[in-house]
Amino acid sequence: MTTILHILCEGSTEELFTKNILQPHLSTFDIVTKPSILVTNRKKNMRGGVISYAQVLNDLRKTYQLTSHSNSEIHYFTTMLDFYALPNDFPAYSNAITKNDIYLQVETLEKAFRQDANDIPHFIPYIQLHEFEALVFCGLDHLKNEYTTCSREIEQLKEVLAHYQNNPEAIDNGRETAPSKRIITALKGKSQYNKTKSGPAVASAIGLQALRERCRHFNHWITELEQLSPQSPSVRR
């Protein structure tokens, strides 16, 4: 039985991360990964970015419908979407954001998402706290290697991280205070942050183990994916 994991990515940054980091790791668990980027406009073949919950759910269903459903394969489905700027039409959104704890917020969203998409078998929703750049905050010294003229500015980003008790997932998700916005603002005037190139490069340099140690919700997701291994006794058939 071949285990195939379909990962619906918000954009090209997440897709590169999946290909460069998750894919090699999960292959050691005999899991075949197939990342794809969320469709923004099917007619124009535009991809990347979450516009609405209906858009995400439709793309998930399309992915499921296109699977082979062979007796020799078992297919799983997951997402890699940002909590930052997540559309408020997601199931339980209003309930989630009233909670004081960010982990309860995202867990509420994911639970409701899983229940609402119950027509997609073996679905494991994942919403990144608060966006991909939280992973970059796990290794700001590696960011210096990407932007060698911005050492002082990146040291200031370390102060931001310290303010959030060195928890990258806790960094605020406001319009100007989300992780990516803080990086863009810090580098502004000296360099322009290249999300697609630098994000996966820094995450790769940090290494998956370090990312998991620093980001509890991210680690929970990776652990759940590892358990899809054909050798795992917890695999859902």
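1. Histidine 130 counts as buried because its relative accessibility is 3%, buried being under 20% relative accessible area, exposed over 50% and partly exposed in between, with a 1.4 Å probe and protein chains only. Histidine 130 sits in the loop that runs between β7 (127–128) and α5 (133–136). Helices here are DSSP runs of H or I with at least four residues, strands are runs of E with at least two, and both are numbered from the N terminus.

2. This is a predicted model, in which local features need pLDDT of at least 70 and side-chain atom pairs count only at pLDDT 80 or more, while totals for chains, interfaces and linings use all residues. Residues are numbered from 1 along each chain as its sequence is written, and side-chain values use heavy atoms, with hydrogens and water left out.

3. Contact means heavy atoms within 4.5 Å.

4. Arginine 182 belongs to helix α8 (residues 179–187). With 19% relative accessibility, arginine 182 counts as buried. Its side chain and that of tyrosine 164 are joined by a polar contact of 3.3 Å. A polar contact is a pair of N or O atoms within 3.5 Å; within protein, one must be able to donate a hydrogen and the other to accept it, and residues adjacent in sequence count only if both atoms are side-chain atoms.

5. Not counting residues up to four places away in sequence, the residues touched by arginine 182 are Phe137, Leu157, Val160, Tyr164, Ile171, Asp172 and Thr177.

6. For the protein as a whole, the secondary structure comes to 11 helices and 7 strands. The radius of gyration is 18 Å, close to the 18 Å that the globule rule gives for 237 residues, so the protein is as compact as a globular protein of that length. That radius is taken over C-alpha atoms, and the rule is 2.2 Å times the number of residues to the power 0.38. The C-alpha trace spans about 55 × 40 × 40 Å along its principal axes.

7. Of the 237 residues, 51% count as buried. Among contacts between residues at least 6 apart in sequence, 70% join residues at least 24 apart.
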